Amino acid sequence: MGIEGIGASVVRKEDKRFITGKGRYVDDIKLVGMTYAHFVRSPHAHAKVKSIDTSAAEAMPGVIAVLTGKQLVDDKVGNLICGWAITSKDGSPMKMGAWPAMAPETVRFVGQAVAVVIADTKNLARDAAEAVAVDYEELPAVGDMPSALKPGAPQLHPEAPGNVVYDWSIGDEAAVNAAFSKAANVVKLDLTNNRLAPNAMEPRAAIADYDAAEEHFTLYTTSQNPHVARLVLSAFYNIAPEHKLRVIAPDVGGGFGSKIFIYPEEMVALWASKKVGRPVKWTGDRSEAFLTDAHGRDHISHAEMAFDADNKILGLRVKTHANFGAYMSLFSSSVPTYLYATLLSGQYNIPAIYAEVMGVYTNTTPVDAYRGAGRPEASYLLERLMETAARQLKVDPAELRRKNFITQFPHQTPVIMAYDTGDFNASLDAALKAIDYAGFADRKAKAKADGKLRGIGFSCYIEACGIAPSKAVGSLGAGVGLWESAEIRVNPVGTIEVLTGSHSHGQGHETTFCQLIADRLGVPISQVQIVHGDTDKVQFGMGTYGSRSAAVGLTAILKAMEKVEAKAKKIAAHQLEASEGDIVIENGEFKVTGTDKSIAFPMVALAAYTAHNLPDGMEPGLKESAFYDPTNFTFPAGAYICELEVDPKTGKTSFINFVAADDFGRLINPMIVEGQVHGGLVQGIGQALLEHAVYDGNGQPVTASFMDYAMPRADDVPSFKLNHTTTLCPGNPLGVKGCGEAGAIGASAAVINAITDAIGNNNLAMPATPDRVWRAIQGNA
């Protein structure tokens, strides 16, 4: 390892521009003649749009146009799609209702757009939007899943009778029934995984610019995957042919999954730019974000686990209802199915699993992937169930887990996943040591003497990252392949440009990707530039989500680098009059083994482009590309232990200690990994204690601002003790697994398990607010 190579904690290159205010976000971009869009949004959760009177708004100063959903449909702009097809257990396809970018006839959630005002300034557009008169006929609405599934409930879409999107299952029901029939003990648990609003630091934004002379569109957007955005906008939404649409995602201030999707606002901005003949800019405010950014989680589940007399797990049975909101979003169908149910084996050797998932429409904001996307829901269910089992069986929660850990790899689970490697005992041992588990009983007794309730909670998570190979996910219904691309361009003076289809929105790619190049060639990272987020520069890529950037994106870069190195070695051998097999790369030089002969990398690059003295038949230049499609998912795993105190008088929770022991395979930059884990842990703790997107029975959002939606702050979270154990992933040459979602996947269960241990009441839902905890304590009396 060099000082800037793989394994070094290199300070992030990109932070200089971020902390000095020099980042370039969508809202920073100014185009000549730019106009501003403001959307007219429904105040009703469910209503018919009887008429829209735009005359008063159109007469206001600075207003260029007022466009409606009917005009959009008349121009044959396509409906939003869901890109993952799920089939119900009866063989029928999922029931997808039409989702136009602006509603021409019916609105189905508060905040759905019905019209847009285009004006010379943002304030003029906002003022004119208030003058647009919309006549609604309010319809009955359903704000939650139990209401939506009642007989005679209001129907959201004619295509989906009973508001059911699909009724899907996985696993062997007969084998599970047989396992339960011979069980010595059965543990049952009802769980709610609370709905979350993503709240990235940078709100969504879009700038669309139509060039009439070239019949060409440019879209600047806050996207995690600009190439997929271009593909969908071209192939499904009829915006423009792919070669006539450029999508640029510049600096993006956080995504957490919520910026994977194509939203109505980008579509409308592109369409409107052509209609008005000028660039159109839309920047969402925080209120719009609460109403329209795809929400996450929102499951109601019943789970049962069967044990034999020796406390070995025999089987698992799960029934989950998943709230999709008013429409199917781009990847929403896959989240509670193939990203959730396939992880229900967790770290445990469970012989038989059967899970049923019913997707449900409600008059709420659409739900899709949010940091972890299905994996947090699976981990929370399983780890709450294991803790409950330990209490019911009266055994130590650490030992119950250890007794049931998978110890032989590879391991085929009953729900598709084939775990390639891992050492779950090592992670648990590291966590137990770090938190001084042996001394907990004494600490608990001392806290009791001080009038506090102390508890400890475990969470042993596993996740599937990389989401591959393409052939496998295609067979499961995915609409796209999940490979990644890379191109390495060595310039004549030896500087290097790395073009990647991955996209950074906080992950530190501009540093970690450079570290691979530095490690391979021995050049400083200042000599390397990472290019991403522009469909005119990078040929095609699948973007960043699912902790795939290193395992898939960086491996693609490695594959391209190997080609560059192979050609460079041929040139160096020719220049040095040596055998190609004797050439090694060290500290930025190509050396002949066993001699003092060498040539610097920049001179090899220059030779490639002057082409005066190349091997016979070799093409000039030094540029290579590669596509990489993994052979399997990667499987990061870990053990989290939370120790906390509860004040029985107020229900307030205070952290004492939080230990995370993770196995991410090889760490490219340990400092960046720790930052990713910290962020994930805070989001997981936020879900456990604070965050909840709430709707009333009529579909009206109750938590539509930071006055009502509680985000974690610095004084809400503890200092974390991080540990790393390592088993190298055999599925990629770097041995990496992924780290971006782990904290959000494992933290919530550890916190709730600790609180319920402290108060002696297992019946506690997230978020565990002081009021809920106090009420649970009173339930003990």
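Which residue in β26 is the bridge partner of Leu 453? It is Val 646. Strands here are DSSP runs of E, at least two residues long, and helices are runs of H or I, at least four residues long, numbered from the N terminus.

This is a predicted model: local features need pLDDT of at least 70, side-chain atom pairs count only at pLDDT 80 or more, and totals for chains, interfaces and linings use all residues. Residues are numbered from 1 along each chain as its sequence is written, and side-chain values use heavy atoms, without hydrogens and water.

Start with the sheet. It is open, has 4 strands in the order β18-β26-β27-β28, and its pairing is mixed. Two strands pair if DSSP finds at least two bridges between them. β18 (453–462) and β28 (720–724) are the edge strands, each pairing on one side only. β18 and β26 (residues 637–646) run antiparallel, joined by 10 bridges.

Contact means heavy atoms within 4.5 Å. Helix α18 (residues 670–689) lies across β26, β27 (653–663) and β28.

Next, the cores. A nonpolar core is a set of buried Ala, Val, Leu, Ile, Met, Phe, Trp, Tyr and Cys residues joined through side-chain atoms within 4.5 Å; buried means under 20% relative accessible area, with a 1.4 Å probe and protein chains only. The largest one has 171 residues, and Phe 658, Val 751 and Ile 755 have the most contacts inside it. α19 gives the largest share of this core, 11 residues. Apart from this core lies another, of 50 residues, including Leu 521 and Met 618.

Definitions and conventions. Axes fitted to C-alpha atoms, helices over the stretch in contact; angles between N-to-C directions.
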